[in-house]
Amino acid sequence: MNHEPDHCIMKTKELTKQVRDKVVEKYEAGLGYKKISRALNISLSTIKSIIRKWKEYGTTANLPRGGRPPKLKSRTRRK
């Protein structure tokens, strides 16, 4: 039997653009990562990656990911 800890297999949804914009807004207002993390109840590593991406690309939008596109459309896959 394979007993992996739950935290290894949990998958979370992406944060909305409004939430990521709020993180940047608080960062620009001078709040530190820890304060932003506690205020918005988002993990510290997530805050850091949002700020890093914002500094590097100047955007909080979801960037395209690498990888091969799915062969089947989601509608076809459900049948």
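Modeller: A residue is called buried under 20% relative accessible area, exposed over 50%, and partly exposed in between, using a 1.4 Å probe and protein chains only. The model is a predicted one, in which local features need pLDDT of at least 70 and side-chain atom pairs count only at pLDDT 80 or more, whereas totals for chains, interfaces and linings use all residues. Residues are numbered from 1 along each chain as its sequence is written, and side-chain values use heavy atoms, with hydrogens and water left out.

Helices are DSSP runs of H or I with at least four residues, and strands are runs of E with at least two, numbered from the N terminus. The protein chain has five helices and zero strands.

Consider first the length of the helix. The expected span is 1.5 Å times one less than the number of residues. For the twelve residues of α2 this gives 16 Å, in agreement with end C-alpha atoms that are 16 Å apart.

An α-helix has 3.6 residues a turn, so residues three or four places apart point the same way. K17 and D21 form a salt bridge, with the closest N and O atoms 3.3 Å apart; the term requires a side-chain nitrogen of Lys or Arg within 4 Å of a carboxyl oxygen of Asp or Glu. The structure holds one such bridge. Both partners are partly exposed, K17 at 40% relative accessibility and D21 at 32%.

R20, V23 and V24, by contrast, are buried. Viewed down the axis of α2, the buried residues fall within an arc of 95°, so they line one face of the helix; the arc is taken from the directions from the helix axis to the C-beta atoms. These buried residues pack against α3 (33–40) and α4 (44–57), where contact means heavy atoms within 4.5 Å.

V23 and V24 also belong to the largest nonpolar core, together with I36, I42, I47, I50 and I51. Such a core is a set of buried Ala, Val, Leu, Ile, Met, Phe, Trp, Tyr and Cys residues joined through side-chain atoms within 4.5 Å. The elements giving two or more residues to this core are α2 and α4, and α4 gives the most, with three. I36 touches V23, K26, Y27, L31 and I47, residues up to four places away in sequence not being counted.

After α2 comes G30, whose phi is positive, near 100°.
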